[in-house]
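Hi,

Here is the structure I said I would pass on.

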Amino acid sequence: MANMKDDMNDMDHSKMDHMDHDMNGMDHSKMNHDMSSMDHSKMGHHDMSGMDHSKMDHMDMSGMDHDNMDMGGDMMMHGGQMMHMGNLKQKFWVSVVLAIPVLLLAPIMGLNVSILNFHAPLIEGIVILLFDTALYFYGGAPFLKGAGAEVKSKAPAMMTLITLGISVSYFYSIYAFIANNFLNPATHVMDFSFELATLILIMLLGHWLEMNAVMGAGDAVEKMAALLPKTAHLVTDDGQTKDVEVSDLQVGQKFQVRSGESIPADGTIINGQSTVNEALVTGESAAVTKNVGDKVIGGATNNNGTLTVEITGTGESGYLSQVMKMVQEAQKSKSKAEDRADLVAKYLFYAAVSVGIIAFFAWLPQGLSVGLTRMVTVFVIACPHALGVAIPLVVARSTSIGAQNGLLVRNRQAIEASQHISHVLLDKTGTLTEGKFTVNALVPNDGVDETSLLSDLAALESNSTHPLAQAILAKAEEKGVQVIAAEKSQNIPGVGISGEINGTTYTIVNGNYLTKNGFKFDTTVADQWAAKGNSVSFLLSDNQVLGMVAEGDTIKPGAKALIVGLKKRGITPVMLTGDNQKAAEHVADLLGLDEFHAGLLPDDKQKIVGDYQAKGNHVMMVGDGVNDAPSLAEANIGVAIGAGTDVAIDSADVILVKSEPSDILHFLDLAKITNRKMVQNLWWGAGYNIVAIPLAAGILAFAGIILDPAVGAAVMAMSTIIVALNAMGLTAEKIQNN
């Protein structure tokens, strides 16, 4: 550790409340395998504190627009346009109530009959028209606004097609009411009130299902901001402290952070010693020992002890703000994808308008009424009843099945993008490994049994909350070893911890201490365990080395199956980690990974994702920490391990609830079948128009074949039923057997 004093006489024991023997971050690839060259006292855990956050100020946060990050249930994307939907659930149920009188009184699908007939056509017509108007302007409002946005951007799609259908149905029904009741036409003029009501209800239901299936992606920024406390203990010029708003902190000022509190800003420790939990920021599990001269990151948690910190970065220049910036930018860039249903709707809109206008002029010689009827019939038949729910029904079904199997699909685009994935980038800690330390080896020296070694180690560690200490205590409990806490325990910064057991002084030290003080120990065995990414500590008593303990992270049971499964699917797995090269190489060898990147910082991971994409690859990123959030958002598909942080989850497209790596394979299988069902539904939802629109226009009139509006409406209803049944054919059994 930086600025560590090795002279035992200078120690401030009042601040030695934690041991320091964390070697998990040591770079074994750069080690001289002669243990004498290892300076363990200066080795931190992945040392995120080494980042000079003061140099990150060039990243301008002024462009952050948190309002635009709102992608909750009130928003809907179509044709690249984000439109405000209001409360879809409320709008749907109110529209159902408004539609009931219309469905009961209006002629059914072009026929001159209705469910209820009071033989008072004028009164019935007025009631229907009033409810038509309420439905059109209330229930149809989201589509009218959406169509306006699409037309403004010169990209007509689903919203424009729906608006065409409901507008033609509504205004032609007004014309039909006036003609039938006041103009006395020779024949009854058909209205489309029934079609108007059913179209609005089906479209609202479809988009409600869609928004339930696609959860908001903008909460990540809010969750990150929540990591910072609202107030800080500012140290004044006279050495006193006063509480101030974090937003008032400035670079160069000093603040105090007490045990259990969150660190309000980036800075350098000028007084105190403690351990800091950076898991929410760095994604790593082990607490990091911090001493004078070390850097701390705003948003991390001070475990114990009191620290005085000089601010090096705050607000927009702080590290956490930079992560927030990266997440926001990545999410903004991802939101421009156009889904296939909108693309189909776009071409269907142009086809319907073109054919309808041609039909109008083709039939105009036989009378204005005939021409209008043909044109309106084409427009109404083109209305996307089935198309509007073709994708949402499959997505809703897929989402439900996924949830039952531990998969939460938050972003529909992830389903569609999955078929193009060429590389899966996997964060190591918490994704491929458990993210918690275990005792991997106990090596007693001659004359010492393993149980005694473990008992003495546990006695010294009994009052420590350090993850390495907790691993030793867990091992003792597993072995049934009775632990009696050591007396006079003292932390030795840069060395370890000491205490008395039955009147004898014992000390847990690192290899550097043994080397500097001329102790002999088995460097070969120590190096073997260290090279596997373990933290190696030694038990010392009466100038005698009693043995060593090696602790490290463990690989998840499903990690190997994941790597094998990805390779079988022709996808390249790549491991990303903040660990040193040698430790990463060891894990890669165990899992059969051919590609990995070690020693990474959060922005490094995002950069690597971008590098793979720049080469034309489609990337899935899997991670679990705040440090993974930018890369999760940047990737074509971001997958968060469910046991990870809220920020990582909110930045992801897919969440693995059970934190089981092999569930990534289940997602790929689910996505494959879901994509197939979506394509099928697009054909069922829009394909009938290939035949129906020309027939409605009268292309076969010379043969006596003209599609009656009632028949066209029946075909629309049938296609909707088929689409629904096809979506229900997506079952968990098919996913499991795929």
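Below is what I found, taken one region at a time. Keep in mind that this is a predicted model.

Let's start with helix H2, which covers residues 121-139. From first C-alpha to last, H2 reaches 25 Å, close to the 27 Å expected for its 19 residues at 1.5 Å a residue. Its buried residues are Glu124, Gly125, Ile128, Leu129, Asp132, Leu135, Tyr136 and Gly139. Looking down the axis of H2, you'll see these fall within an arc of 140 degrees, so they line one face of the helix.

Six strands make an open sheet in the order E4-E3-E5-E11-E6-E9, and the pairing is antiparallel. Strand E4 (241-245) and strand E9 (295-296) sit at the edges, each pairing on one side only. Inside that order, E3 (residues 231-235) and E5 (residues 254-257) run antiparallel and are joined by three bridges.

Last one: Ala550, in strand E19 (residues 544-555). Is Ala550 buried or exposed? Its relative accessibility is 1%, and buried means under 20%, so Ala550 counts as buried. Leaving aside residues up to four places away in sequence, Ala550 touches Thr438, Val439, Asn440, Ala441, Trp529, Asn534, Ser535 and Val536. Val536 is 14 residues from Ala550 in sequence, yet their C-alpha atoms are 4.5 Å apart in space.

Cheers

Definitions and conventions: Residues numbered from 1 in each chain as written. Predicted model: local features only at pLDDT ≥ 70, side-chain atom pairs only at ≥ 80, totals over all residues. Heavy atoms only, no water. Helix = DSSP H or I, 4+ residues; strand = E, 2+ residues; numbered from the N terminus. Buried < 20%, exposed > 50% of the residue type's maximum accessible area, 1.4 Å probe, protein only. Contact = heavy atoms within 4.5 Å. Pairing = 2+ DSSP bridges. Expected span 1.5 Å × (residues − 1). Arc of directions from axis to C-beta.
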